[in-house]
Amino acid sequence: TMEIRPTAAHPSKQEIVNRIEKVQAQISAQRLDAYVCHDPDNIFYLTNFANFVHERPFILIIPANGAMIFLMPKLEEPHVRMRSVGQMEFVHYFEFPAPAGETWSDRLQEILAGYSNIGIESQCPITVVNAIHGDPKITDIIDDVRAIKSDYEIGRIAHASQLMSAGHKIMLQEARPGRMIID
(Lines give C-alpha, C1' and ligand atoms only; values in the text may rest on other atoms or scores of the structure.)
Protein backbone atom coordinates (compact mmCIF):
# COMPACT_ATOMS: atom_id res chain seq x y z
CA THR A 1 0.00 0.00 0.00
CA MET A 2 1.00 3.52 -0.78
CA GLU A 3 1.48 6.03 2.01
CA ILE A 4 -1.30 8.59 2.07
CA ARG A 5 -0.08 12.11 2.77
CA PRO A 6 -2.15 15.05 3.93
CA THR A 7 -2.99 17.36 1.03
CA ALA A 8 -4.55 20.77 0.53
CA ALA A 9 -4.64 20.37 -3.27
CA HIS A 10 -7.80 20.60 -5.33
CA PRO A 11 -8.96 17.31 -6.83
CA SER A 12 -7.26 16.32 -10.05
CA LYS A 13 -9.20 15.75 -13.24
CA GLN A 14 -8.56 12.02 -12.80
CA GLU A 15 -10.04 12.10 -9.26
CA ILE A 16 -13.20 13.71 -10.66
CA VAL A 17 -13.31 11.21 -13.55
CA ASN A 18 -13.04 8.31 -11.08
CA ARG A 19 -15.92 9.70 -9.01
CA ILE A 20 -18.14 10.18 -12.05
CA GLU A 21 -17.37 6.67 -13.29
CA LYS A 22 -18.42 5.21 -9.91
CA VAL A 23 -21.65 7.24 -9.95
CA GLN A 24 -22.42 6.26 -13.55
CA ALA A 25 -21.80 2.59 -12.72
CA GLN A 26 -24.43 2.85 -9.96
CA ILE A 27 -26.83 4.69 -12.28
CA SER A 28 -26.51 1.79 -14.75
CA ALA A 29 -26.74 -0.84 -11.99
CA GLN A 30 -30.05 0.70 -10.87
CA ARG A 31 -31.27 0.63 -14.49
CA LEU A 32 -31.57 4.39 -14.69
CA ASP A 33 -30.91 6.49 -17.78
CA ALA A 34 -29.93 9.63 -15.88
CA TYR A 35 -29.64 11.03 -12.37
CA VAL A 36 -30.60 14.54 -11.21
CA CYS A 37 -28.37 16.07 -8.54
CA HIS A 38 -29.34 19.26 -6.70
CA ASP A 39 -27.43 18.94 -3.39
CA PRO A 40 -24.56 21.51 -3.35
CA ASP A 41 -22.26 19.05 -1.54
CA ASN A 42 -22.82 16.40 -4.20
CA ILE A 43 -22.37 18.92 -7.02
CA PHE A 44 -19.10 19.98 -5.39
CA TYR A 45 -18.02 16.33 -5.12
CA LEU A 46 -18.52 15.73 -8.84
CA THR A 47 -17.43 19.13 -10.25
CA ASN A 48 -15.37 20.99 -7.61
CA PHE A 49 -17.85 23.88 -7.98
CA ALA A 50 -19.05 25.15 -4.60
CA ASN A 51 -22.29 27.08 -4.34
CA PHE A 52 -24.79 28.10 -1.73
CA VAL A 53 -28.25 27.62 -3.19
CA HIS A 54 -30.83 30.29 -2.59
CA GLU A 55 -33.73 30.65 -5.00
CA ARG A 56 -31.68 29.96 -8.15
CA PRO A 57 -31.07 26.24 -8.60
CA PHE A 58 -27.85 24.69 -9.81
CA ILE A 59 -28.64 21.23 -11.16
CA LEU A 60 -26.29 18.53 -12.36
CA ILE A 61 -27.69 15.89 -14.71
CA ILE A 62 -25.58 12.75 -14.87
CA PRO A 63 -26.44 10.35 -17.71
CA ALA A 64 -25.64 6.65 -17.35
CA ASN A 65 -23.08 7.19 -20.13
CA GLY A 66 -21.41 10.31 -21.45
CA ALA A 67 -20.73 13.81 -20.20
CA MET A 68 -22.65 15.40 -17.34
CA ILE A 69 -24.79 18.46 -17.97
CA PHE A 70 -24.53 21.39 -15.55
CA LEU A 71 -27.67 23.57 -15.53
CA MET A 72 -27.05 26.97 -13.97
CA PRO A 73 -28.23 30.58 -13.92
CA LYS A 74 -26.84 32.60 -16.85
CA LEU A 75 -25.40 35.12 -14.39
CA GLU A 76 -23.27 32.40 -12.75
CA GLU A 77 -21.98 30.74 -15.93
CA PRO A 78 -18.49 32.34 -15.92
CA HIS A 79 -18.03 31.39 -12.25
CA VAL A 80 -19.16 27.80 -12.87
CA ARG A 81 -16.92 27.41 -15.93
CA MET A 82 -13.92 28.83 -14.05
CA ARG A 83 -14.28 26.59 -10.97
CA SER A 84 -15.53 23.32 -12.45
CA VAL A 85 -13.16 20.41 -12.96
CA GLY A 86 -13.80 17.68 -15.49
CA GLN A 87 -15.65 17.31 -18.75
CA MET A 88 -19.26 18.47 -18.83
CA GLU A 89 -21.73 20.37 -20.93
CA PHE A 90 -22.90 23.75 -19.61
CA VAL A 91 -26.51 24.85 -20.06
CA HIS A 92 -27.78 28.12 -18.67
CA TYR A 93 -31.22 29.50 -17.93
CA PHE A 94 -32.49 33.02 -17.46
CA GLU A 95 -33.62 34.20 -14.09
CA PHE A 96 -37.03 35.49 -13.06
CA PRO A 97 -38.73 36.92 -14.96
CA ALA A 98 -37.33 34.64 -17.66
CA PRO A 99 -38.65 34.72 -21.22
CA ALA A 100 -41.09 31.91 -22.00
CA GLY A 101 -39.25 28.63 -22.56
CA GLU A 102 -36.03 29.81 -20.91
CA THR A 103 -36.62 29.11 -17.20
CA TRP A 104 -34.61 26.50 -15.29
CA SER A 105 -37.55 24.07 -15.41
CA ASP A 106 -37.90 24.52 -19.19
CA ARG A 107 -34.21 23.79 -19.66
CA LEU A 108 -34.34 20.80 -17.29
CA GLN A 109 -37.28 19.33 -19.21
CA GLU A 110 -35.37 19.81 -22.51
CA ILE A 111 -32.32 18.03 -21.11
CA LEU A 112 -34.33 15.14 -19.68
CA ALA A 113 -36.59 14.72 -22.73
CA GLY A 114 -34.49 11.84 -24.08
CA TYR A 115 -34.44 9.88 -20.81
CA SER A 116 -37.20 7.69 -19.43
CA ASN A 117 -35.83 6.19 -16.17
CA ILE A 118 -34.61 9.08 -14.05
CA GLY A 119 -33.18 8.98 -10.54
CA ILE A 120 -33.23 11.85 -8.04
CA GLU A 121 -31.72 12.54 -4.64
CA SER A 122 -33.97 12.07 -1.62
CA GLN A 123 -33.30 15.69 -0.61
CA CYS A 124 -34.23 17.09 -4.03
CA PRO A 125 -36.64 20.05 -3.62
CA ILE A 126 -40.23 19.40 -4.65
CA THR A 127 -40.02 22.18 -7.28
CA VAL A 128 -37.28 20.21 -9.05
CA VAL A 129 -39.11 16.89 -8.62
CA ASN A 130 -42.27 18.42 -10.11
CA ALA A 131 -40.31 19.62 -13.16
CA ILE A 132 -39.25 16.05 -14.01
CA HIS A 133 -41.55 14.04 -16.29
CA GLY A 134 -42.67 10.55 -15.32
CA ASP A 135 -42.09 8.95 -11.96
CA PRO A 136 -38.46 9.54 -10.90
CA LYS A 137 -36.82 7.00 -8.60
CA ILE A 138 -35.58 8.38 -5.28
CA THR A 139 -32.09 7.05 -4.62
CA ASP A 140 -29.00 8.55 -3.00
CA ILE A 141 -26.38 7.26 -5.42
CA ILE A 142 -23.81 10.01 -4.87
CA ASP A 143 -24.10 9.84 -1.08
CA ASP A 144 -23.48 6.09 -1.26
CA VAL A 145 -20.45 6.53 -3.55
CA ARG A 146 -19.06 9.26 -1.27
CA ALA A 147 -19.09 6.87 1.70
CA ILE A 148 -16.03 5.02 0.34
CA LYS A 149 -13.07 7.40 0.35
CA SER A 150 -10.32 7.55 -2.25
CA ASP A 151 -6.67 8.05 -1.27
CA TYR A 152 -7.05 11.72 -2.26
CA GLU A 153 -10.07 12.16 0.05
CA ILE A 154 -8.26 10.48 2.93
CA GLY A 155 -5.38 12.91 2.33
CA ARG A 156 -7.81 15.85 2.52
CA ILE A 157 -9.28 14.47 5.76
CA ALA A 158 -5.75 14.10 7.17
CA HIS A 159 -4.97 17.72 6.22
CA ALA A 160 -8.19 18.99 7.83
CA SER A 161 -7.41 16.93 10.95
CA GLN A 162 -3.95 18.50 11.20
CA LEU A 163 -5.48 21.98 10.97
CA MET A 164 -8.06 21.15 13.64
CA SER A 165 -5.39 19.69 15.94
CA ALA A 166 -3.21 22.80 15.54
CA GLY A 167 -6.19 25.06 16.26
CA HIS A 168 -7.18 22.99 19.28
CA LYS A 169 -3.63 23.17 20.63
CA ILE A 170 -3.70 26.99 20.37
CA MET A 171 -7.10 27.08 22.05
CA LEU A 172 -5.88 24.95 24.96
CA GLN A 173 -2.79 27.16 25.38
CA GLU A 174 -5.03 30.24 25.66
CA ALA A 175 -7.71 28.72 27.91
CA ARG A 176 -7.75 30.06 31.47
CA PRO A 177 -10.26 29.71 34.34
CA GLY A 178 -12.77 32.58 34.20
CA ARG A 179 -11.92 33.52 30.63
CA MET A 180 -14.93 33.92 28.34
CA ILE A 181 -15.34 31.56 25.39
CA ILE A 182 -15.48 34.51 22.99
CA ASP A 183 -11.94 35.46 24.05
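This is a predicted model: local features need pLDDT of at least 70, side-chain atom pairs count only at pLDDT 80 or more; totals for chains, interfaces and linings use all residues.
1. Who are the ring partners of Phe49? One of them is Phe58, and the two form a tilted aromatic pair, with 5.5 Å from centre to centre and 35 degrees between the planes. Phe58 counts as buried too, at 4% relative accessibility.

2. Phe49 also pairs with Phe70. Here the ring centres are 5.7 Å apart and the planes sit at 75 degrees, so this pair is edge-to-face. The pair links distant parts of the chain: Phe49 is in the loop between helix H2 (40-47) and strand S2 (59-63), while Phe70 belongs to strand S3 (residues 68-73), 21 residues apart. Both Phe49 and Phe70 are buried.

3. Put together, ring pairs join Phe49, Phe58 and Phe70 into a cluster. If you search the whole structure, you'll find three aromatic pairs.

4. Now over to helix H4 (residues 104-112). Which residues of H4 are buried? They are Trp104, Arg107, Leu108, Ile111 and Leu112. Looking down the axis of H4, you'd see these buried residues fall within an arc of 125 degrees, so they line one face of the helix.

5. What do the buried residues of H4 pack against? The list is strand S1 (34-37), S2, S3, strand S4 (88-93), strand S5 (118-120) and helix H5 (126-130).

Methods:
Residues are numbered from 1 along each chain as its sequence is written. Side-chain values use heavy atoms; hydrogens and water are left out. Rings of Phe, Tyr and Trp (its six-membered ring) pair if their centres lie within 6.5 Å; planes under 30 degrees apart count as stacked, over 60 as edge-to-face and the rest as tilted. Buried means under 20% relative accessible area, exposed over 50%, partly exposed in between (1.4 Å probe, protein chains only). Helices (H or I, at least four residues) and strands (E, at least two) are DSSP runs, numbered from the N terminus. The arc is that of the directions from the helix axis to the C-beta atoms. Contact means heavy atoms within 4.5 Å.
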